[in-house]
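Please read the chain below with its strands and helices in mind.

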Amino acid sequence: MNDLALRGDNIVKRFGAVTALDGVSFTLGQGEILGILGDNGAGKSTLVKILTGFHQQTSGTLSVHGEETLLKSVDHARALGIECVYQDLALANSLSIYHNMFLNREIVRRGPARVFRLVDHKQMRERAAHLLEDIGVHVPSVDLPVERLSGGQRQAIAVARAVHSNAKILLLDEPLAAMGAREAALIIDLIMRLKEKGGLSIIMIMHNYAQTLDIADRIMLMQRGRVTYEQQSANTSVAELMDIVRREYRAMRATTAQ
Ligand SMILES: Nc1ncnc2c1ncn2[C@@H]1O[C@H](COP(=O)(O)OP(=O)(O)O)[C@@H](O)[C@H]1O
Ligand SMILES: [Mg+2]
C-alpha cells in the first residue's frame, strides 16, 4: 500500500447542518493524475481543503504516503509536501513574477546581511527564471508584474510556485476555470510536463469532461458529498459520464417532485 500518495477512508465533513462530504473514500497513486468531476456543491473543494489541512474532517481517516495522518493545518500539510493552487489564485498582482514565485519564502542573503533579513533579489530573479524555464513556462521577463499576464500565464506561475516548493502532491482546484481553449492548452501542457518529470502526484478538480479524460489517468465523479463513480480514463467516455450524471439528476428530480 506504500505506493499510494494519498488514501482517504470514509471521510465525512459537516458544517453545522450541512453535510458537505458524506463518506468519501479515494486513493491517489504515486505519479498519478486523478481528475475529480461533479456539480457545484458536490463537495469537491471541501475535500481539497481537507487535503490541504485548511479544514479537518468530522470523521474518517486520511493516509499520506502510507501513514495515517490528521492534517492539522496548511503548514502541516505543506511540511508533508502537499501544495494547492486555489480557484482564486492568491497571487500578489502588483508584484513581479519572481516576487510571486517566492512569496512568503523569500531567499535571504547569506553572511552578515542575513541579520537584516535582506532579500536577495538577484538570486530570486535567477532562480525564478530557471524554475520557469525548467518546466517550460515562457514569460518575457520575470520582472513583469503578474497583473500584466494572461489568466493562463498567471495560473502557470501559481502552479510553478507550488511545484518549486518541493511539492510531492499537487492539488489543483479548477485550474482551467474561466480560460479559453488556448490558455487551457497551456496549462494542460504544463501539467503533462510535470507528470513526465516524475515525482509528483496530482489531484485536479475539473469541469470539462473531455479535458479531464484527456489529462487524468483516472476520474472520480462526486455528487452530493459522495463518490458515485470512479474509473480509469481509458475505460470510460464523455457519453458514459454524462449518462451517469443525467441518471442522478433524474432521480433527484423524481424525489423533489414527490
Ligand atoms: N465553510 C463552509 N461553511 C458552510 N458550508 C460550507 C462551507 N464550505 C462548503 N460548504 C457547503 O458544502 C457543500 C459543498 O461545497 P463545496 O465543497 O464548495 O462544493 P464544490 O467545490 O463541489 O462546488 C455546499 O453545500 C457548500 O455550501
Ligand atoms: Mg469548488
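**Helices and sheets in a predicted model**

Helices H5 and H6 cross each other in the right-handed sense. The model in which they are seen is a predicted one. H5 covers residues 151-164 and H6 covers residues 181-197; their axes come within 8 Å and cross at roughly 20 degrees. An angle under 35 degrees counts as roughly parallel, so H5 is roughly parallel to H6.

Which residues of H5 and H6 meet? From H5 come Gly151, Gly152, Gln153, Gln155, Ala156, Val159 and Val163, and from H6 come Glu183, Leu186, Ile187, Leu190 and Leu194.

Now take the chain as a whole. The protein chain holds 8 helices and 10 strands. Its radius of gyration is 20 Å, close to the 18 Å that the globule rule gives for 258 residues, so the chain is as compact as a globular protein of that length. The C-alpha trace spans about 70 × 40 × 35 Å along the principal axes.

The strands come next. Strands of a sheet pair through backbone hydrogen bonds, and the pairing can be parallel or antiparallel. One open sheet is made of 6 strands in the order S6-S7-S8-S3-S9-S10, with mixed pairing. At its edges lie strand S6 (82-85) and strand S10 (226-232), each of which pairs on one side only. On average, neighbouring strands of this sheet are turned by 20 degrees against each other, direction ignored.

How do S6 and S7 pair, in the parallel or the antiparallel sense? S6 and strand S7, residues 169-173, pair in the parallel sense over 4 bridges. As one example of residues facing each other, valine 85 stands opposite leucine 172 in S7. Helix H1, residues 44-51, packs on this sheet and touches strand S3 (33-37), S6, S7, strand S8 (201-205) and strand S9 (218-223). The direction of H1 makes about 150 degrees with that of S8.

A second open sheet has 4 strands in the order S2-S1-S4-S5, and its pairing is antiparallel. The edge strands here are S2 and strand S5 (67-68), each pairing on one side only.

Within this sheet, strand S1 (residues 4-15) and strand S2 (residues 18-29) run antiparallel and are joined by 9 bridges. S1 and S2 form a hairpin with 2 residues between them.

Leucine 6 stands opposite valine 64 in S4.

Finally, return to H1. Besides packing on the sheet that contains S8, H1 lies across S1, S2 and S4. There H1 runs at about 60 degrees to S2.

Conventions: Residues are numbered from 1 along each chain as its sequence is written. Chains are lettered from A and ligands numbered from 1 in the order in which they are written. This is a predicted model: local features need pLDDT of at least 70, side-chain atom pairs count only at pLDDT 80 or more; totals for chains, interfaces and linings use all residues. Side-chain values use heavy atoms; hydrogens and water are left out. Two strands pair if DSSP finds at least two bridges between them. Axes are lines fitted to C-alpha atoms, for helices over the stretch in contact, and angles run from 0 to 180 degrees between N-to-C directions. Contact means heavy atoms within 4.5 Å. Angles under 35 degrees count as roughly parallel, over 145 as roughly antiparallel, 65 to 115 as roughly perpendicular and the rest as oblique. A crossing is left-handed if the near helix is turned anticlockwise from the far one by less than a right angle, and right-handed if clockwise. The radius of gyration is taken over C-alpha atoms; the globule rule is 2.2 Å times the number of residues to the power 0.38.
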